[in-house]
Structures are given as structure tokens and as C-alpha cells.
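This report describes the overall build of one protein and then turns to a few of its residues.

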Amino acid sequence: MGLRGTVQVPGDKSMTHRAFLFGGIAEGTTRVRNALEGADCLASLEAMQALGAQIDRTPEEIRITGTDTFQEATIDCGNSGTTIRLLSGILAGGQAAYALDGDASLRRRPMKRITEPLALFGANITGETAPLHITGTPLVGTTYTLPVASAQVKSAMLLAGLHATGETTVIEPVLSRDHTERMLPQFGVDVTIDEREDGRHIRVQGPVRLHATSLDIPGDPSSAAFWWTAAAIGQDSRITTTHVLMNPTRIGFLQTLRQMGASVEINHRSEDGGEETADVTVETTSLQAITVEGDQIPSLIDEIPLLALLATQAEGRTIIRDAEELRVKETDRIETVVTALQRLGANIEATDDGMIIEGPTSLQAAEVDSAGDHRLAMMLTIAATINPEIMVHGREVVEVSYPTFYDDLKKLQSDQSE
């Protein structure tokens, strides 16, 4: 039985993080609607409250009254790499001492990628992994070239630049998620972007204070991608996701779906707050294997577990390269994805920087575990829509990014009217 119907996925995770963090340091009261209230984003919201921002939550919106004096605090970032890395940039120029910690998974994730470039500003940060200890100190603007595409490192540098004296320039050879440089102007910050031979030059002039604004967060394409996948590999399935963010740095997976031959319709395009949105409909079709590599990877890094699942149902050999960043996510996502899909009978093998998948394969009944990774739990649940005898353990971790995931799945399973 196929999945049919319409879903409005929760607000975009990356944008929600930034709305909470920027609102927390802005002058005045920022109003955020359709925020993602998953565990990761709430870690950012609670961090700003711990630092002195005032939070007022209603059913319609979250109101954040910011502070420019970050009081001393020990902050639990939970499982959120975005929270700890962006906060490091914010607090490097603070007025007190701060400790940033997290759960066991976060404590394994590398932090030198932000502590080393932040040291160029004069930041005083100790720790190569969480907990990080930050002593706020006056910062001086700098120029930094990103060695790999990373929106988190880029954002940490730009946020430090807001509190630094003089100009800060981040040079980005390969485009990564650009929500920070799109959203900062909504808070009154002048961000200059120049395209040059060596990449994008993104500049801010500090010190500068943000000014409160109102934001309506569009649907998260990384969440919508689970339903796009379910529709593409299902039997007689057709799913529409409404008001989804269509930022070019975030829809690499949608473009890859089309490369594989999926049926994709995009309707009702609009623009709000510097970001484009649209309704996206995907329906069941036959799929062809492809190679995904290089500049394609940053715009679909979170969707690679889904790409691997799609590849098990596609005709031919799918190759994923240049995705070594997956090894330092919530889990080593190369190993966990390959191991889980092998348990389901998939012909898949890991490489140093990706995976190779031969398809199509009929997925077999088995018990598989989420390994504490929200995206793996949801990907395996989508696999179970084509073989209900697949049992997924540790499903509750979806709370991190998509608290209503199983409610939406039940709706699509029961709604056969469309």
C-alpha cells in the first residue's frame, strides 16, 4: 500500500538555530513563527536564555528579547553541533567565562575546526572536543579561507566578526549553506559578498549590534526529503510537501532525485525574508543509478543516508564520493548507514569518503538500530514502508529534528483520498 497525501514539515532546522541565536543577541524582541521545536534547536534557545536573553513561548510564536551582555554560564548543547560551534563564535568576544558541553555523541565531534580559526581573532578557547572553555576577550577582525565547505565554521567566524574590531572576511572556495549571510541582513547587519576566482568573499564590519526582526521559518527540505524518498521508492505513492525552503544550497537532494529519474513537481513558488519556498510533489517512478561527488556533496550532506536507500532501489551502480564529512556527524554515518542497509540485504559497501551501492535490491526483514542518530532512524523507517517486517529500534531519537515524524507517517498511510 502506497503513501499518499500532503505534509507540512516542521520549520527549517538550520534557519531555526540561527533565528534563536541571532534573536538572543539582538536589540529588541524578535518574533519567530513556525520554528522547529526539536531537541537540537531548543538547545540553542535555552543557551541564549542561560546567557541572559528573555524567552516567551506561545502557541503562535516564540519571542526572544536579546542581550548584549552574556552572563557567565555553563551550557548544555545536547547533541547539537550547530549550537556549540555557532555559540563559540558568539561567546569568543563575550565578557565572562563560559563552558560549552554536550552529550556523549557531541563530545566525540571535532572542535579544532572552529577553535583554530577563532584563535586568529585572539579568541581564548581551550578544548579539542567538548567541553569547550571560553574566556571572553576583545577580538580583532581577520581573514580566513575555509579549508572545506562548512556552514558551521563559516557562521562561527562571521558571528565572531560581529563582536570584533574591524573587518572580517571569510573566503569560501566551495559554496556551503548560506543561511547566516542571508539572515544577518534581516537583523540589520550589512553583509558584503563578492564572487572571485578563489571563491566567495563574505565580509562583515564590527563591532555591530543586531536589531530585532520577525521571521517565518519555511519547511525544512532535509525533513521533506524523507517523504520525497518514500514517494519515489514506494508502490503507487504520491506525496506533496508544502511551503518548503528552496534555498539553492539546500536542494541538492531534490536535484539528485531528478537525476535518478524521479517524478518531481514544483508549484506555488514564493519568496519571504530573502528565502524562496515552494510546494514539492514526488510520486513513484523507476530510478537509475548515478554518481554523486564534488560540489554536489555540501548541498545534500544530511540526505546521503536517504540517497543510499534510494540507490538500493535504483537500476545500476550508485557511487557516492567526497563525503568524508559524514564520518564526524552524530555517528560515523558512512559506517552506520552501510551496516544497517547490509542487514536489510542491500548490496552496499563503504569507502573512505562514501559508499558504493548496487541495485535494485528487495530489502529483507531484519531488526536494525538507529545508533542514536535521528536521520538514520528516519531513513530506516522509510525503508520499512516498502517492507513492513523491518523493525527499527531507537526510533525516539527523531525528536532531535522532526518531533511529529511518526504522526505524519500515520497520516500518509491512512490518507488514500488524494
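## Overall architecture

Among contacts (heavy atoms within 4.5 Å) in the protein between residues at least 6 apart in sequence, 72% join residues at least 24 apart. This is a predicted model, in which local features need pLDDT of at least 70 and side-chain atom pairs count only at pLDDT 80 or more, while totals for chains, interfaces and linings use all residues. Residues are numbered from 1 along each chain as its sequence is written, and side-chain values use heavy atoms, with hydrogens and water left out.

The protein contains 13 helices and 25 strands; these are DSSP runs numbered from the N terminus, with helices being H or I of at least four residues and strands E of at least two. For 418 residues, a compact globule would have a radius of gyration near 22 Å, and the 21 Å of the protein agrees with this. That radius is taken over C-alpha atoms, and the globule rule is 2.2 Å times the number of residues to the power 0.38. Along the principal axes, the C-alpha atoms fill a box of roughly 60 × 45 × 40 Å.

## Burial and surface

Of the 418 residues, 60% are buried, where buried means under 20% relative accessible area, exposed over 50%, and partly exposed in between (1.4 Å probe, protein chains only). The accessible surface comes to about 15,500 Å², and carbon and sulfur atoms account for 44% of it; areas come from the Shrake-Rupley method with a 1.4 Å probe, and for residues only the protein chains shown count as cover.

## Asn247 and Glu275

Asn247 lies in the loop between strand 17 (238-245) and helix 9 (252-259), and Glu275 is found in strand 19 (residues 275-283). Asn247 is buried, with a relative accessible area of 1%, and Glu275 is buried at 2%.

The side chains of Glu275 and Asn247 make a polar contact of 2.9 Å. A polar contact is a pair of N or O atoms within 3.5 Å; within protein, one must be able to donate a hydrogen and the other to accept it, and residues adjacent in sequence count only if both atoms are side-chain atoms. The side chain of Glu275 also makes a polar contact with that of His179 (3.2 Å), while the side chain of Asn247 makes one with that of Thr249 (2.5 Å).

## Arg203

Arg203 belongs to strand 14 (residues 199-206) and is buried, with a relative accessible area of 18%. Its side chain is joined to that of Asp194 by a polar contact of 2.8 Å. Beyond its neighbours within four places in sequence, Arg203 is in contact with residues including Glu167, Asp190 and Arg196.
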